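Thanks for coming. I have one model to go through today, so please look at the screen.

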Amino acid sequence: MTEAQLARVFDSFTQADASIATRYGGTGLGLTISRQFCKLMGGTIAAESEPGKGTTFTVRLPAEVADSKAESVAAVDAPGVSRPATAPPRPSPKTALVIDDDPVVVDLMQNFLGREGYRVVAASNGEEGLRLAREVRPDIVTLDVIMPGLDGWSVLTAIKSDPELAATRYPA
């Protein structure tokens with residue numbers, strides 16, 4: 001990658017080589033998500049590249065990850081909904097809802113979140129994801145924005161506008 005490409009490689013919806021998305025799909029979120037996971041665990045991810053030779057990504061994570069149970073749940077702005085800035089504590093284990101039409105991503109997220117102590121519920125499309133969100137009341141949701149039918153943005157809007165689900169968190 002060039003220096004300019006390297007400077008943007010962790011930006012959302014940005015890919016170093018746009019032809020990769022044309023050939024293989026994808027939206028340029030993989031490295032952004034990886035960076036956020038590293039950050040959530042108190043670590044970092046960095047990239048070094050030499051054009052024509054290759055790129056090296058380095059992930060550094062602490063040996064022990066800090067307990068996030070003490071972290072308060074930030075209020076999610078939903079039109080016409082007022083509530084306290086923190087949600088009441090939930091019983092363990094916490095529930096994660098993964099909404100993605102790619103079974104490989106669902107499997108990856110189930111494995112990762114399961115190791116983090118979450119009970120994982122998965123949906124393969126937006127409609128099923130919204131139904132499950134109302135049914136299981138997850139603590140967090142990860143979702144694909146580009147899905148056939150009800151896309152991720154529509155699911156997010158529906159969840160945020162539902163007073164019973166509006167406190168659901170979305171990993172940043």
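I will take the sheet, then the helices on it, then the salt bridges.

This is a predicted model, in which local features need pLDDT of at least 70 and side-chain atom pairs count only at pLDDT 80 or more, while totals for chains, interfaces and linings use all residues. Residues are numbered from 1 along each chain as its sequence is written, and side-chain values use heavy atoms, with hydrogens and water left out.

Helices (H or I, at least four residues) and strands (E, at least two) are DSSP runs, numbered from the N terminus. Two strands pair if DSSP finds at least two bridges between them.

The sheet is open and has 3 strands, ordered β4-β3-β5, with parallel pairing. Since β4 (119–123) and β5 (140–143) each have a single partner strand, they stand at the edges, so one side of each is left without a neighbour in the sheet. On average, neighbouring strands are turned by 20 degrees against each other, direction ignored. Strand β3, residues 95–99, is joined to β4 by 5 bridges, and L97 stands opposite V121 in β4.

Now the helices. Axes are lines fitted to C-alpha atoms, for helices over the stretch in contact, and angles run from 0 to 180 degrees between N-to-C directions; contact means heavy atoms within 4.5 Å. Helix α4, residues 103–115, lies across β3, β4 and β5 and runs at about 165 degrees to β4. Helix α5, residues 126–136, also packs on the sheet, touching β3 and β4, and its direction makes about 145 degrees with that of β4.

How many salt bridges does the structure hold? There are 4, a salt bridge being a side-chain nitrogen of Lys or Arg within 4 Å of a carboxyl oxygen of Asp or Glu. One of them joins R131 and E135 at 2.9 Å, N to O; both residues lie in helix α5, 4 residues apart, about one turn of the helix.

Another joins D162 and R134 at 3.6 Å. That pair links distant parts of the chain, with D162 in the segment after α6 and R134 in helix α5, 28 residues apart. D162 is buried, with a relative accessible area of 16% (buried means under 20%, exposed over 50%, partly exposed in between, with a 1.4 Å probe and protein chains only).

R137 and E164 also meet in a salt bridge, at 3.0 Å. R137 is partly exposed at 32%, and E164 is exposed at 58%. R137 has a positive phi of about 50 degrees although it is not a glycine.
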